[in-house]
Each structure stands twice: as C-alpha cells, then as structure tokens.
Amino acid sequence: MRFEYAPAPESASIVDIRSSYGLFVGGEFTDAKDGELFKTINPASEDVLAEVVSAGPSDVDSAVAAARDAYDNRWRDLPGAERAKYLFRLARLIQERSRELAVLESIDNGKPIRESRDVDLPLVAAHFFYYAGWADKLRYAVPGRQPRPIGVAAQVIPWNFPLLMLAWKIAPALAAGNTVVLKPAETTPLTALHFAQLCQQADLPPGVVNIVTGAGETGRLLVEHPGVDKVAFTGSTEVGRAIARAVAGTRKRLTLELGGKAANIVFDDAPVDQAVEGIVNGIFFNQGHVCCAGSRLLVQESVADEVLDALKRRMATLRVGDPLDKNTDVGAINSAAQLARIRELSDVGTAEGAQRWSAPCELPERGFWFVPTIFTGVSQAHRIAREEIFGPVLSVLTFRTPAEAVEKANNTPYGLSAGVWTEKGSRILAIADQLRAGVVWANTFNKFDPTAPFGGYKESGYGREGGRQGLEAYLA
Amino acid sequence: MTSSVADLSDVARSAATLRGFLHGLPGVDQVGAEARAAALATRSIKTTAKARGIDLAIRMVDLTTLEGADTPGKVRALCAKARRPDPTDPSCPSVAAVCVYPSMVATAVDAVAGSAIHVASVATAFPSGQAPLAVKLADTRAAVSDGADEIDMVINRGAFLSGRYLDVYEEIVAVREACGEAHLKVILETGELATYDNVRRASWLAMLAGADFIKTSTGKVSPAATLPVTLVMLEAVRDFRSATGRTVGVKPAGGIRTTKDALRYLVLVNETAGEDWLDPDRFRFGASSLLNDLLLQRDKLATGRYSGPDYVTLD
Amino acid sequence: MPERLAVRKTYKLFIGGAFPRSESGRSYVVTSVDGDFLANAALASRKDVRDAVVAARKAFPGWSGATAYNRGQILYRIAELLEGRRDQFSTEARDRAQVDAAIDRWVWYAGWADKLAQVYGNANPVAGPYFNLSAPEPTGVVGIVAPPDSPLLGLVSVLAPVIVSGNTAVVLAAEERPLPAISLAEVLATADLPGGVVNVLTGRVAETAPWLAGHLDVNALDLTGVADPELAATLERDAAENLKRVLRPPAEPVDWYAEPGIDRMVAYLETKTVWHPKGV
C-alpha cells in the first residue's frame, strides 16, 4: 500500500514579519542615513518578505561608533558575571521564541522547518548558554595569559545558517567583552533583525550588538572600517582571501571560516545503513548549503556498488518541497544566483563525463529548487571533485587502499572537515590522524555542538569557533 | 542489497560457515540507528494520512492475550473484539489475527470461524523456550493440529548468545517443519539479545532457517519492541529480499500502546522496507491495548471531537 | 714563530639536511659591528626558497608523525650540543648571556613537546552520545623571517616554537648577522633532527621573503623579523593567496629574554576535533 503523508505545514502566522526593517544601531532600529532599500524574498515562493536596508558608509560609521561607545563605556569593564547574565538571558529568550525564529528562518532561507526547529534553533540557544558561562571564567580559558577583550568586532556571516552563524559570532565575542557590528547575508537578514528585538527584550546595553544589513559592499565597508579591531568572517574562500588582503598591514585580528570539499570515506567494513544515512546527511542536510558538507564520497571499490545501490534507494525517500512542511527533508535553494551556480557546475560534471543520477521527484513550480543529485565515475581531476558546489550534489569517487583514501581526501586546497566510516577502531584513529581537516566525523557526520571547536586547515580558513578555542578569537 | 539473487542455501552447512556468514554482516552503529529511528519518529502524520494509517494499523494488529489467567471466556471476548473492533461502525476493519496460548487455540479457531482472522499461537515453551526440543515440537504440533495457522516460536537465546548459531538454526528448521502449512513467526526476544549487531544476525539466522516473519519480543521481557530494533529488522528483511528474492514479514510486539506509536512504526516501514511491507501479510503489531487507542483516534478523526475510554469496549 | 693561520669556515645554506651554496652562486659580505670582514655568506635566491620549501614539505610527515617524546628529546639534544659549543657561539655572538639564554630556551621548548596537547587540547562534553576530542596539530610548513636584533636567541625563540609541535620550517636568517644561524644549523644537523625539518637561508629578506609569502605550499608565515611595515603588509597580502596563517611583526620591541608563553606555538597549530558515537 502506498502511504502518502498529507501536507503538515507549520503555521507561518506565529511570526510577525514587518514590511520593512531599519538598521539596529545603538540599541534602536534606525532609518538608513545613506543606505538604499532592497527586498528579501522567500526562496520557496519568490514572494517578497520585507524591505531591508543596504547600509552605506555613514550607516556603517554609525554602527561602528555605537559599538565603540558601548565597548568603552558600557561593556568592556562590566564584570564578567554581569555579561554572563545578559548572555544567559539571550539564551532563554531564544528558547522562548524558538518556534517563531525557526519558522522565520525557514521562510527567509528555504531550509526545512524540521532542521531549523530541531537543529538550528536548539544550537543557537545552546551557543549562547555555553559562552554565557565563560564570561566570568576567561582566565581559565587562556593558560598563562591575562585575558583582555580586543575591542569592536566586525562580523560578516553567510546565508546558510543565518541565526546559527550569528550565535557562533556574537556569543563568544560578547562573553570575552567585545562589542560587535554584525552583517547578515543579503538574502537572509530577517532572523538577525528579530534577534535584535531579543537584545532589546534582554535590556542589553545599547551598542553592544549592532546589526547592519546589506550585501558585499556593506561587508567590505565594515571589515575595512578603521574603527574595527577584529574581523570575523564566515563565507566563501574567495571573499575570505579578499578580506585577508584587506586587513594586511593593519593591527586587526582576523578569523576566517571558509569553504570546503570534504571527503566522506566509506570503508568496506562500514556499518552500511548508518553510513548511507551519514552520506545523505552529509550532502543533503540544508540542501547541501554547508561549508563542511561531505561533498566527495570516497567509497572503497569492493563495496561501491552495494553502497551506491543503498544510497540511491535511500535518496528516493527524500522529500523535497515546502520548507514549512514538517515532513520536508530538502527545502529550497537559497537564491536564484546559487541555483544558477549549482546548475552550472552540475552541467560541467556531465560535460566532463561523470554519470548523473537523481531520484525521481516532483519540484514545485515557483521558487528555487534542485533535486538531490549524485555523480558517479568522478575522478580527482573533475571540477565537481575540486570546487565547492554548495548544493545537494554529491561526487562519488572510489579508492582501493587506506593510503589511497587518505591521499585523495587530502588532495584539495581545502581542509575543513572529513568523514570516515569503518567498524575498525584502530583504523578510525589512524585515518583521523592523517586527515588534514579541522573536524573529523567518524561513523557520524554534520554534528555540531557549542563545546566542540570547528574550523579549517589550509584554505578553509583559520581560527576556531566553538569550545574554549572559540574564545581565543576574541581575546587579545 | 545487490540486485542479483544469491544462493544462500549453503550458508548453514556447518557451524563455521553459518558463524562466518552472520559475523560478516555489516555492523550496526547504535547511535546512528537510534538517531535514524528518532528522526523518522518526527514525521507528522495528519488528516487523511492519519486516517489511512489508523485503518491499516488496525488491520495489522495481532490482538493478543497471553496470561496465565486466560480462559475460554476471555479468549472468546477477544475474538469478538477482533472481528468487530468498533461495533458501532461497520466501516471499521477487523484485525489480522488473534494470538493466544496453545491451550486456547481451539477456542479461538471456533470463535473466529467464518472471518478472515488468523489464529496465531505462541509455541515452543513460550516465553523462555527453556524446554527440550521434543517438547517444543510437540507444543507446536498441538497448536497446529488444533487449527492455528500461525505459530509464534521463540529462539533459543542461550544458544544464540553462546555462539551456537547452528543449534538455533536447526531448531527453527525443525519447528518450521512441524508447522506444516502454518506460517512461522520467529521471536528473537531482542531485549535479551542486547545489541543491534545481534538483532541483525538473529534476523538473518531466522530468515535463513525459513521464518515467514521475524518478531521482536515475547512481551514478557523489557525492553520489548522499540523503533530502532524494528528499524534494524526492517533493514534485514529488505536486504534479505534483495539477496534471495524471498519476502519475510516483521512483527514488533510489546509496548506499542498508542496510535502515535503505531503511526511511527508505519512510517518506519514505509521509509525503510517500503510500501510492499505496508500490508498485514508483511507487517503486524503484537498488541492488546493498542487497538482501543486506535479506535479512539479513529473516532476523533471521524467526528472531530475527543472520545473517552467509556466509548470503546474493554474485554 | 709566526702566528698560526686560522682555518676559516665557509658559511653556506642549510637545505634538506645538507649545506649547499646558493644555486645562484652568489654571496654577500658579512662584517662585524666594527666593519671588519667576517665571511662571505650565501646570497639565497628564489630557487633556494623553492628547494627549501620542497625539503620542508618532504620532512613534514615524518616530523609531525614522530612522537612528542621523540621531538622533545631531539630539541633537548639541540640544547646539549649547543652547550658543548657554548664558547664558540659566545665568541661568534659576542654575547655569552644570549647564548646561555638560547640554550635554556631549547630546553624550555623541549619540555613542551609532550605537554602542548594536554594544555591546548581538550575533551569536549557535547550534548549527545559522542566521544569528542580536540587536539592540536602542526599546521605544516612555516616560513620564518628571523628577528634581526637578536641573531641567535631571537632565532631560537622563533624557530623552536614552530618545530616543537611538528611543523617544519624555512628560516630567513637575520640579513646583516646571518652567521649564528648557519652555525646553529651545524648543531641542528648533528642533533638527530631529520633533514628538512629546519632549512636556513641567508641573504636579502626583501628578495626572498616574497617568494616564501607567495608560495602555495607554505602554510604559515612568521613576519617577526620584518622591520619594514610596508614590506610586512605586502608579504601579508601575498600570504593571503592561500590563506597562510600570518604572525605579524610585533607592535613593540620583544624582550627575547622573557619567558615566551605559548602564543608562538599556538600560532602554528590547527585544532582538529574528532567525533565518534558511543554505542555498544
């Protein structure tokens, strides 16, 4: 018998989206001084959600000045225990309003409500809760050093996990005694602006958190602003490189969390059903809009057919569609531009001779969609094995020996994450040692926790977010 | 898993080959399996899907009474409930089977006569299985000769846990033969097997030996059926069919009490083994109190108001 | 009787454990502070940078894969050998206190080898059934511009924290006072330090450093010895090409005699976090 799941949409009415938003500067929502307005849309429907400001130079000046004022007069010298209480408050406010924020995240980003509800929002709250506790314990975090805040942090975040990336940036910065100006991505500004409302509810001192919206130019103004002491960026390696060049010769401290092309290595003795889940979670979680996505499957030749059969069977059960439907597994691609990029690289994969396969699947007519896809017969020389696609597209390669697996896994300028699947414990430890990646998931994938440092080797960036190490980026 | 049909008839030619085969099955990572089951449990089954799911679940129930205090009167009442779970609603389907002790088989057969309801009997010194093989076989034959068309046997867990897989295998083969035409459900008693690796091995062992169904539990040991155990067993029947072409059913039993539970199992079936198993011939619930909750929820969907325990029959 | 004529040392480069001349065949005059001729040092070229990076990369797997105990012993061995040549270095550096401090610095870092992961790594109590451990690992090949103001102690103070954790190094020695660096290389060559772990180039920093900064197979760049802010900024920009970890020139003069702290080691560490489920 066919068992069709009836639509089970989460109600959008829980969240009140305003028709337009200003900037959040000095604790107030303000109109733009020289910024223009742009629209943010729902990628699942292409409907306009709201108008937001593309902050200009004067807007950025105001925000940095507000952050400086707050740093000098209200935050830096506040006892750590008091800073902690503000952060605990924010954690609680996020928990209280988490359903509303999850719905808003799904509407603005396109990610399934199942993920924003069960992954993003719980982690956002957990991050604030975790770093809250550090605020009055900083001297235990940096052995042999007297911890001091750095100053005003310019933080630029991507669109794939808007609120979670905000939490990764703001929570440790504030705990360490810095103030921030944060710029959310231009396609996903709304949850950051609603977070600003939480800052007001928390009575956070004005200027400690400032939110400026806009696109790349606003980001450039922010990171190059002379009043900034610290720059933290999550996004593409290309932009990260430009930022590293821009801060060269200054005293600005910089941390970067950039792209990846992670290998997910499946050995012949892997727990195959869980490995298949890990492959699926590795590349189709959040539509593959994940810097640490397991976008290269390296499967041992002796089990390649078996694993691929199982993977295809599993992919056929993925439910693609309305992000607000509680049964949706794969939501909308975040933007038309990203969809074009995914299509382009997929076409390159076909042109280069790889075999393309997608599960049969009906896509909605409006909005931006890409069906989960795998390419087999991929070699290291293919562009789809080297370039970050940032979409639900998996490149499958094979290997014969552990040494070959490691060699192929490391054969990339990136080094953010990797996966390894085998039931043999000693092999896991040996392979994990040899992988040049900042996070190694063994017999699991795409797991995150505020206590666990995250960040890359090589061109995946530098510095860590999360854990004790994540504080260091914000301490002089 | 491979598309070609493998010949596994030789696997049990010796203790060593059987052991080698079972230990060569892929391992099960506990955390990953439980996470997958938990993720599927978040599926939201509403409105029309829920209505269809509830009726399907009712049709899959093996309505069970396995008490020392069972009497012919109790069993006749159970059978009446099985035939017409909701006397006020003729559209309500009957259950798949009643499940009783061997001594009650004749009563049950008589009480369900003329309906499509099967009579299942536990046998083989249920629930412990701690009896000589001859006794277990006699137990089985008695139930079959009294008219049971489904036999729920227990495996020898002691032998399994001490690695004597061939002993377990041969016992299942013998009971299978004693069943004659009756369908054989093999109870793994997963609560005593302790690990998912063991559940997977026992599932394959039972299927290789000829089981028509593999069943989680007797209901007398805790934990009884769980979602992840059932997930592992569904993976096993799915892979077994890919390997051999033969379809084996799955029956979680014990501890499944609510409609929400039952729907979660159906989602598990749907997204693991697939729609071929969404059939009372392929999937059963071993349960007693579950049926009344299904009826209450069925009524809620039909009428739009909440019903109460006074409005379903208690037998 | 005439005074015995001294046998002078030829100062060459140190690449891959060997002492070649610059492939360019060039050299430059090194004089004492009084302006007396001391030696013709090799004037390294871009190809020497290239060769040194190849040697450093080749040495990386073995050195980073050695046990911390082993690395600690080798660093201590360097201190032992330096102690044995204390008089020679004191004469060369004209500064006994600097030599003593340099020896003690090797000892200090030797002891860090097997403690760094304990101080800087940690177990992470994640909210789920997972084993989760963060451990520091070396970042790879590190290019170092050695400080000009302290040719031996300064050099040791920037080199030891790089290699103690398993990185390999290409060092551009202090341009005007390169000789202690080559003498140190002679110590390194006999201290069981595998060839290629440390490579020392002498010459013009402004000529060689850009090749190091722009090299895609170099993972990090230590600009401690770059005195010219313009050059430092250019090198940092070049280093962005492959997102090298960059340690900028210090904002204030460094007291090389002070206890260093762990910052210089941490600058060249990556934190690797490993997850594994806990199940039966």
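1. In this predicted model, A:Asp347 is partly exposed, its relative accessible area being 47%. Its salt-bridge partner is A:Arg356, with 3.6 Å between the closest N and O atoms. A:Arg356 is likewise partly exposed, at a relative accessible area of 38%.

2. A second salt bridge of chain A joins A:Glu459 to A:Arg241, where the closest N and O atoms lie 3.0 Å apart. This pair connects distant parts of the chain, 218 residues apart: A:Glu459 belongs to the loop between strand S16 (439-442) and strand S17 (461-462), and A:Arg241 to helix H8 (residues 237-247). A:Glu459 counts as buried, with 15% relative accessibility, and A:Arg241 is buried too, at 18%.

3. In chain C, C:Arg94 and C:Asp34 form a salt bridge with a closest N and O separation of 3.5 Å. Here again distant parts of the chain are linked, 60 residues apart: C:Arg94 sits in the loop between helix H3 (86-93) and helix H4 (96-112), and C:Asp34 in the loop between strand S1 (27-31) and strand S2 (37-42). C:Arg94 is exposed, with a relative accessible area of 54%, and C:Asp34 counts as exposed at 55%.

4. In chain B, a network of salt bridges links B:Asp62, B:Glu150, B:Asp152, B:Lys185, B:Lys215, B:Lys251 and B:Arg284.

5. The contact between chain B and chain A involves 29 residues from chain B and 28 residues from chain A. About 2600 Å² is buried between these two chains, and carbon and sulfur atoms give 49% of that area.

6. Five salt bridges are counted between chain B and chain A. One pairs the side chains of A:Asp273 and B:Arg238, at 2.7 Å from N to O. On the side of chain B that touches chain A, at least two residues each come from helix H2 (30-40), helix H3 (47-59), helix H11 (227-244) and helix H12 (259-272) of chain B. H3(B) supplies the largest share of that side, six residues. By type, the side comprises ten nonpolar, eight polar and eleven charged residues.

7. The disulfide count over all chains is zero. B:Cys79 is buried, at 0% relative accessibility. A:Cys199 is also buried, with a relative accessible area of 2%.

Technical notes
Residues are numbered from 1 along each chain as its sequence is written. Chains are lettered from A and ligands numbered from 1 in the order in which they are written. This is a predicted model: local features need pLDDT of at least 70, side-chain atom pairs count only at pLDDT 80 or more; totals for chains, interfaces and linings use all residues. Side-chain values use heavy atoms; hydrogens and water are left out. Contact means heavy atoms within 4.5 Å. Buried area is the accessible area (1.4 Å probe) that two parts lose on being put together, summed over both. A salt bridge is a side-chain nitrogen of Lys or Arg within 4 Å of a carboxyl oxygen of Asp or Glu. Helices (H or I, at least four residues) and strands (E, at least two) are DSSP runs, numbered from the N terminus. Ala, Val, Leu, Ile, Met, Phe, Trp, Tyr, Cys and Pro count as nonpolar, Asp, Glu, Lys and Arg as charged, and the others, Gly among them, as polar. A disulfide is a pair of cysteine sulfur atoms within 2.5 Å. Buried means under 20% relative accessible area, exposed over 50%, partly exposed in between (1.4 Å probe, protein chains only).
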